[in-house]
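Hello,

Here is the structure I promised to pass on. Have a look at it first, then read my notes below.

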Amino acid sequence: MINKVTVIGSGLMGAGIAAHLSNAGIEVLLLDVLDKNSKNRNNIADEALKKLTKIKPSPLTLSKNIELIRSGNIEDHLKLINESDWVIEVIIEDLNIKQNLYEKIERIMSDDLIISSNTSTIPIKKLVEGRNKKFRSNFFVTHFFNPPRYLKLLEIVSSKDSNSNFKNILSNFCDVKLGKTVIDCKDTPGFIGNRIGVFWMMSASLKAIEMGLSVEEADLIISSVFGAPKTGVFGLLDVVGLDLMPHVLSSMTDNLDSGDEYHLYKNIPEIFNYMLENKLIGRKGSGGFYKLEIVDGRKIKKSIDLSTKVYSESIKPKIESLKLVKKNLSSFLELNENYSKYAWAVLSDVILYTLNHTSDISNDIVSVDSAMKNGFGLQFGPFELLDKLGKTWIIEKLSMDSFSIPSLLENLPEEKFYKADEGKLKFFNFTKGVFENLERPNGVLILSDIKKSNKPIDKISTASLWDIGDGVTVFEIHSRGNSIDMNTMQFLNKSIDIVDASYKAMVIYNEGAMFSAGANVGEALFLGNIGLETELVDKIVEGGQKVYQKLKYSKFPVISAPSGMALGGGCELLLHSNFVQAHVETYIGLTEAALGICPAWGGCKELIYRFNNSNSMPKGPMPSIMKAFQTIGLAKTSTSGPEAKEIGFLTENDGITMNRDRLLYDAKMVAIEMIKKYKPPEKPVYRLPGSTAYSAIEIGLNGMEDAGQISAHDKFIGKQIANVLSGGETDIIDEVDEDYILKLESKAIQALFREPKSQERIEKLLETGKIIRN
Amino acid sequence: MLNAVIAGYSRSPFTISFKGDLKSIRPEDLLSQVIKDLISNSNLNKDDIEDVIVGCAFPEGEQGFNIGKVVTFMCDLPRSVAGMTVNRWCGSSMQSIHNAAGSIAMGSGKVFICAGVESMTRVPMLGFNPMPHPDLLKENPNVYISMGITAENVAKKYNIDRAEQQEFAISSHEKAFNADKNGNFKDEITIIHNQNNEVSKDGGIRAGTTQDILNGLKLAFDNKGTVTAGTSSPLTDGAAATLICEEEYAKKNNLDILARIKSSAVNGCEPEVMGLGPIGASKKALNRAGINSSELDVIELNEAFASQSLACVKDLELDPKNVNIDGGAIALGHPLGATGARITGKAAQLLRREGKKYALATQCIGLGQGIATVLETVE
């Protein structure tokens, strides 16, 4: 069991790891060297803690987590390491300095203290040189990726002397408690992630320079072909910091055979040297390949011309042929244009390097794909990309370019490295030369695995209903942004009937980047614009209300398992679920007001109910109304699952899962437990203050308008929301039910939809993806 | 008619709400420490106390439950001592002194603890359940006007620009800083014990604030106006208490008499210029005392906002050098219920310290009123 951890080294990574441990509720001792220039001997670690609270996006899921981290200095406090169960060394990448620290630790460590280094490149055999048996048995490399809260990959390396029990404890802790995808790596330079990932970055950037592409063109192509984040390669170099690249490259080339292809990239191009000399190292410097400049009070994004070194306004390129990538990657790569040639040059470089080195660095192909997806945010790993193209096509194309074919590809007995067979997902095991079942760890359940080998119970183009066993179903939305349109809502209605008739529980879950962006406001706007207001009200607003009410009061338990954003109607889906098992990275908000409308699928009534029944709220008729108003009116969105509990979108009883891959399993377990003695909730009655609450809110809105904090239209929206929350014409001595508040919600959203300024907000969002204030 | 005198004054440090060192202390704990200190510094026989009258602007939550009586238990006062809470918003604890003086005059008691408290951290301004009357709001929106807008209205009416308000604020901070440096607050501050911490200093005084610094602040209430957070009193946590006795009783028992209460008054005004409340109230009180404003040696004028303070100084023709000698609420803070006891006690203390004859303590009150007390020295 790991309950307490010491982190040595409070730099960006060390402090980030400490923060993430605190996110898991773990007590941390954060040590750094003694600050001789300060009266405060812990000054360096203290300063690092101060910085933690200012970093955006925050390394902490709740700001109060920092109270779990205690600071110290190595001189006074190293003796305290035995109070911890695990010590992570995150100091400078210098073998001698690390070895000196290990020697000190070796002298005082207890028998069962686990020790690890966060080194990104130094092999474990060098790190443990000269250490005794106990130290070597307890020592590992645990390599986190920056930022530790957000990047899932954790590479673990053991030596031949490592204790396997300790390794299991460490792997399990990092997986379940820290939410990491833990990958076993062989003891080679850069392990898996950096070995392939840095190679990919160098290849993609250098070939762009060589082939005369602009940074925007290269980034767009890389992000489309590899499914990389929008930063592509040059944007990523800006995030990482160009200054790090020479160090990483020399560390790689120093430790790799002279025949390794890394040596081709050892000499960095002239433009990189120019940028390094001029401190154009990226976001932490004064800009890099991209930079933001303020011109006439407006933020302008500029980019550097890779040949002339001159910055000019960055313009997103339009590359028509990239549309082919999704449909048919090979046909894009076959085009006779510079863009596809560039894509192939990088892709062939990376897949050849991967194919040639996988057996040296990894036990299997799955770990390589996983490392690239979880460490670099790619949508597809190298072997998954290979599968998009097929063995025959690749061999032909490589042969045309006179590349020799790597044996790993030659030995592949079929067209692809992965296949679904007999309801199981299988991968090619290169050591045995056969396909094997891809076994997920206990407690991991992946819907896309199920989808590869099963048919849905029912589906439409935007949503599906799946049977995941034990009477539990999954309702999956798979529209753009997982938004909810009329058809999806009707399908949810139908799915409730199906589950009611033949199953025992429903889990609402998907594996998209966001749980749901909310209602499809484009559809609603369209209906309004073409004069089908009745349709809008009947089908979308009140239709949605009925389905959500039916969901809440169905005979079976409904468990939502969100990850990513759950906004507007997506948030209301959670509010009407009987239980929420949320991923720690869940961002929940009733954001309708930003679009000039208001929650109208029951969001207002659910928030009032929750705040009315919260023990942490002051009593009386007003506090819950005021809090609901602030939450909805300011479109407050949680920055994590735990914060969603603090705000009140989730209840104290709702669950949090740290590891994304465990979310569906955890939700399913909750469902199985709830099935045993499930009773639908009782319908609540409300006593709302009525017009006096409206007046109180109106007074506040007037003040905000006077102070220039809100626009006249914001005030109008605020008043509509205030009317719903206060209960309209009711009086504090009257009881009203949910339907009464739902009617007020419907009335308010109709009034708001009619407003040209609200329509303008929605139109702008649909056009530009941006929220405007008007 | 029997005379009432102020025979003791003490207050807690005043600290900024939500941030300051008193944010985590309950108002009953804060107030009872101040009252205990006040009593222990006097030669008072506790059995003689008739009533503990506590002013509080939002007497609910931790400040509810009739905090006036609650603190009698926490101060180990005899069971015979009564307790009440009075509410005149910002004027609450000055009103508690007036109530005591009235009781003394009619022979209904000789010894009163007149105090005030407000934790604006723990009980929000306007309380937890503000429920304005919807019809009244429609008929006369100014009844529920924001205090900041009233300050803007006064600034407009009296042509007081931003720079002048800022000059007033800078002076308030300077005077408070110097008073603190010279130990002038030592006689009045009760050191507050909060768990393991001791709080002994006011939290809002900013030495060295300048026009440039204040120019950097955003307009707080009206984006076309002149009032900022820097020219307004901050949300504050604090408590203050005075010992009010019948004059002969005080003399007989060798109590330390600071001043005699010469007259008092309250007076209403338009709510949209509530900051002018001190003008009418002070005129009435001065008239009742039979003196005019030029005879005042010491003036404690609550600085709710710089604009209204300046307007009152002008209108009442007060001598600025006699106003808030040790700084005012812009620097020290304005814990609503506690301010009246602070400025009345302070005026009495200053009267003796400066060896002068007449003092005025006055303040404005939301919804449109003012309250004033005239003090005179006791030979």
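Which helix of chain B holds Gln308(B)? Gln308(B) sits in helix α10, residues 306-315. Keep in mind that this is a predicted model.

Is Gln308(B) buried or exposed? It is buried, because 31 C-beta neighbours lie inside 10 Å, and 20 or more is the cut-off. Setting aside residues within four places in sequence, Gln308(B) has contacts with Ala151(B), Val154(B), Gly275(B), Leu276(B) and Cys364(B). Lys36(B) is another matter. It is 272 residues away along the chain, and 35 Å separate the two C-alpha atoms.

Now the cores. The largest nonpolar core has 217 residues. Val507(A), Cys598(A), Ile721(A) and Leu725(A) touch the most other members. Helix α15 of chain A (residues 338-361) gives this core its largest share, 10 residues. A second, separate core has 117 residues, including Ala115(B), Ala289(B), Leu318(B) and Ile330(B).

Back to Leu725(A). Beyond its neighbours within four places in sequence, Leu725(A) contacts Cys604(A), Ile608(A), Ile625(A), Ala628(A), Phe629(A) and Ala693(A).

Next, the domains of chain A:

- domain 1: 4-184
- domain 2: 193-380
- domain 3: 447-591 + 637-676
- domain 4: 606-633 + 687-774

The centres of domain 2 and domain 4 of chain A, taken over C-alpha atoms, are 47 Å apart.

Last, the contact between the chains. Chain A puts in 16 residues and chain B 17. On the chain B side, 11 are nonpolar, 5 polar and 1 charged.

Best wishes

Terms used
Residues are numbered from 1 along each chain as its sequence is written. Chains are lettered from A and ligands numbered from 1 in the order in which they are written. This is a predicted model: local features need pLDDT of at least 70, side-chain atom pairs count only at pLDDT 80 or more; totals for chains, interfaces and linings use all residues. Two residues are in contact if their C-beta atoms, placed from the backbone, lie within 7 Å. Ala, Val, Leu, Ile, Met, Phe, Trp, Tyr, Cys and Pro count as nonpolar, Asp, Glu, Lys and Arg as charged, and the others, Gly among them, as polar. A nonpolar core is a set of buried Ala, Val, Leu, Ile, Met, Phe, Trp, Tyr and Cys residues joined through C-beta atoms within 7 Å. A residue is buried if 20 or more other C-beta atoms lie within 10 Å of its own, exposed if 12 or fewer, and partly exposed in between; C-beta atoms are placed from the backbone. Helices (H or I, at least four residues) and strands (E, at least two) are DSSP runs, numbered from the N terminus. Domain bounds come from an automatic or database domain assignment.
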